[in-house]
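Visitor: Please show me the structure, and let us then examine it by question and answer.

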Amino acid sequence: MKSIQKGNKGEREVANMFKREGIEAKRVPRSGAPSYDNGSKIWVGDIWFPKNRNNFAIEVKLNNKWSGKITDLINPNSWIRKVFADLLKKCKDHNKIPILIFRRNHDTWLAMYIEEDILISVNPEDWEKEISSSFNIILKYKVKDNLWVSVSTAEFLVKYISYIMKNHPLISQE
């Protein structure tokens, strides 16, 4: 399978994860190229939420450059860390919350994000009832002072973000 086809396939799989949670999600053609919202050019990442405020920039990577070893996730010179560092910079420039969803071929989807950015005050009892069974933080590591990156299953993060989009007034579907 060609690289572009593989990328498109991964983006469709991630968009479908959100759709299964009741959130309209679409892949952005040309792998995260700028889109237009009410005539304004904006960058949204690889996955677009037409009915939400698009605070999140989701980058999707499906390839075998990552060895699948947890140690690669904390190695600052690893491919996956470099991809996340690029995403952080781009999100800072565009005022977005960065989320990297990735996997090796045929492995489980994982998500890398800055936990502080996505933890929005919701009633913990409500959301725990909704998704506690899939909660799975694999690791956390410190990038620099007061900046911690978390890695969890993508399933957990998609359920959490979907819950927020449905229930939080600042992000919820319009």
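Visitor: Is Phe49 buried or exposed?

Guide: This is a predicted model, in which local features need pLDDT of at least 70, side-chain atom pairs count only at pLDDT 80 or more, and totals for chains, interfaces and linings use all residues. Residues are numbered from 1 along each chain as its sequence is written, and side-chain values use heavy atoms, with hydrogens and water left out. A residue is called buried under 20% relative accessible area, exposed over 50% and partly exposed in between, with a 1.4 Å probe and protein chains only. Phe49 has a relative accessible area of 0%, so the residue is buried.

Visitor: How many aromatic pairs does a search of the whole structure find?

Guide: Rings of Phe, Tyr and Trp (its six-membered ring) pair if their centres lie within 6.5 Å; planes under 30 degrees apart count as stacked, over 60 as edge-to-face and the rest as tilted. By this rule, the search of the whole structure finds two.

Visitor: What kind of aromatic pair do Phe18 and Phe49 form?

Guide: The ring centres of Phe18 and Phe49 are 4.9 Å apart, and the angle between the planes is 70 degrees; the pair is edge-to-face. Phe18 belongs to helix H1 and Phe49 to the loop between strand S4 (47-48) and strand S5 (56-62), so the contact ties together parts that are 31 residues apart in sequence. Helices (H or I, at least four residues) and strands (E, at least two) are DSSP runs, numbered from the N terminus. Phe18 is also buried, at 0% relative accessibility, and its pair with Phe49 is edge-to-face.

Visitor: Why is the pair of Phe156 and Tyr160 classed as it is?

Guide: Phe156 and Tyr160 are four residues apart in helix H7 (residues 154-167), a separation of about one helical turn. An α-helix has 3.6 residues a turn, so residues three or four places apart point the same way. Both Phe156 and Tyr160 are buried. Their ring centres are 6.2 Å apart and their planes are at 20 degrees, so the pair is stacked.

Visitor: What span should helix H1 have, and how far apart are its end C-alpha atoms?

Guide: The expected span of a helix is 1.5 Å times one less than its number of residues. For the 18 residues of H1 (residues 3-20) this gives 26 Å, and the end C-alpha atoms agree, being 26 Å apart.

Visitor: Which residues point each way from S7?

Guide: In a regular strand the side chains alternate between the two faces of the sheet. In strand S7 (110-114), five of the five residues are buried. One way point Leu110, Met112 and Ile114, and the other way Ala111 and Tyr113.

Visitor: Which residue in S9 does Met112 stand opposite?

Guide: Two strands pair if DSSP finds at least two bridges between them. S7 is joined to S6 by four bridges, in antiparallel fashion, and to strand S9 (residues 147-153) by five bridges, also antiparallel. Met112 in S7 has Leu100 opposite, and its opposite residue in S9 is Val151.

Visitor: Which residue in the turn between S6 and S7 has a positive phi?

Guide: S6 and S7 form a hairpin with six residues between them.

Visitor: Where is Asn95 found?

Guide: Asn95 also has a positive phi, near 55 degrees, and is a residue other than glycine. Its relative accessible area is 69%, so Asn95 is exposed. Its place is the loop between H4 and strand S6 (97-103).

Visitor: Which element supplies the largest share of the lining of the second largest pocket?

Guide: A pocket is an open set of points on a 1 Å grid over the protein atoms alone where a 1.4 Å probe fits, with protein on both sides within 12 Å along at least five of seven lines; lining residues have an atom within 4 Å of a point. Among the lining residues are Pro98, Ile114 and Asp117. Helix H4 (79-94) and strand S8 (137-144) each supply at least two residues. The largest share, four residues, comes from H4.
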